[in-house]
Amino acid sequence: LSADRLSQENAVMIKYSAEGEKVPFIVDPNSQAVSWLQKYAENAETVLAQDAKLVSQLELSVRFGKTIIIQEVDGIDNFLFPLLRRDLIRQGPRQVVQIGDKMCDFNEGFKMYLCTRNSNAIESLPPNAACLVTRVSFSVTRAGLE
């Protein structure tokens, strides 16, 4: 990451929102944050939002408590809402969450990061999705160029 103040503040926001209840939605026009995130979140799976294997990779990450970075997100798909809202259902000693049409065991170690290079994507989120994510923008600033 750049040494400018905005990048450092954004990194702190990403770290603490991922540990809390909200998922970071990161606008990253230069992919510098994604590179940093892949180093910061060791063993993170990276997948494109348009990838046909997204749902199956997401299910595995949820089940085994892995970190997943979803890139090129232009909006929030319906199957992500139960995860964003943490709609967990207790079944005896375990917790499950619905992803698409499947119920998956939920591991507390699971973390998800949504990333996009499109700076308009964050502004076009509907209110019901915007309230479930922490919006973080790595758009270029003058201090970051110096």
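Author: A disulfide is counted when two cysteine sulfur atoms lie within 2.5 Å of each other. Please keep in mind throughout that this is a predicted model.

Reader: With that cut-off in hand, how many disulfides does a search of the whole structure find?

Author: The search finds zero disulfides. The cysteine sulfur closest to that of Cys-131 belongs to Cys-115, and because the separation is 20 Å, it is too far for a bond.

Reader: Are Cys-115 and Cys-131 buried or exposed, or something in between?

Author: Cys-115 has a relative accessibility of 2% and therefore counts as buried, whereas Cys-131, at 45%, counts as partly exposed.

Reader: Let us turn to the sheet; in what order do its strands lie, and is the pairing parallel or antiparallel?

Author: In general, strands of a sheet pair through backbone hydrogen bonds, and the arrangement may be either parallel or antiparallel. In this model five strands make an open sheet, ordered β2-β3-β7-β1-β8, with parallel pairing. Strands β2 (45–48) and β8 are the edge strands, each of which pairs on one side only. From one strand to the next, the twist averages 20 degrees.

Reader: How many bridges join β1 to β8, and how many join β1 to β7?

Author: Strand β1 is joined to β8 (residues 133–137) by five bridges, the two strands running parallel, and within this pairing Ile-26 stands opposite Val-136 in β8. Three bridges join β1 to β7 (residues 111–116), again with the strands running parallel, and here Phe-25 has Leu-114 of β7 as its bridge partner.

Reader: Which residues of β1 point one way, and which point the other way?

Author: Val-23, Phe-25 and Val-27 point one way from β1, while Pro-24 and Ile-26 point the other way, and all are buried. The strand, which spans residues 23–27, is accordingly described as mostly covered, with five of its five residues buried.

Reader: Which strands does helix α2 lie across, and at what angle does the helix run to β7?

Author: Helix α2 (residues 32–40) lies across β1, β2, β3 (67–71) and β7, and runs at about 165 degrees to β7. When reading such a value, remember that the angle is taken between N-to-C directions, on a scale from 0 to 180 degrees.

Reader: How many aromatic pairs are found in the whole structure, and how should I read their geometry?

Author: For ring pairs, planes under 30 degrees apart count as stacked and planes over 60 degrees apart as edge-to-face. The search of the whole structure finds two aromatic pairs. In one of them, the rings of Trp-36 and Tyr-40 have centres 5.0 Å apart and planes at 10 degrees, so this pair is stacked. Trp-36 and Tyr-40 are separated by about one helical turn, because they are four residues apart in helix α2. Tyr-40 is partly exposed, its relative accessible area being 32%. Phe-106 and Phe-110 form an edge-to-face pair, with 6.1 Å from centre to centre and 75 degrees between the planes.

Reader: Are Phe-106 and Phe-110 buried or exposed?

Author: Phe-106 is buried, with a relative accessible area of 9%, and Phe-110 likewise counts as buried, at 5% relative accessibility.

Reader: Finally, where is Gln-91 placed?

Author: Gln-91 lies in strand β4 (residues 89–91), and with a relative accessible area of 35% this residue is partly exposed. Gln-91 and Asp-105 are 14 residues apart in sequence, and their C-alpha atoms are 9.4 Å apart in space.

Technical notes. Residues are numbered from 1 along each chain as its sequence is written. This is a predicted model: local features need pLDDT of at least 70, side-chain atom pairs count only at pLDDT 80 or more; totals for chains, interfaces and linings use all residues. Side-chain values use heavy atoms; hydrogens and water are left out. Buried means under 20% relative accessible area, exposed over 50%, partly exposed in between (1.4 Å probe, protein chains only). Two strands pair if DSSP finds at least two bridges between them. Contact means heavy atoms within 4.5 Å. Rings of Phe, Tyr and Trp (its six-membered ring) pair if their centres lie within 6.5 Å; planes under 30 degrees apart count as stacked, over 60 as edge-to-face and the rest as tilted.
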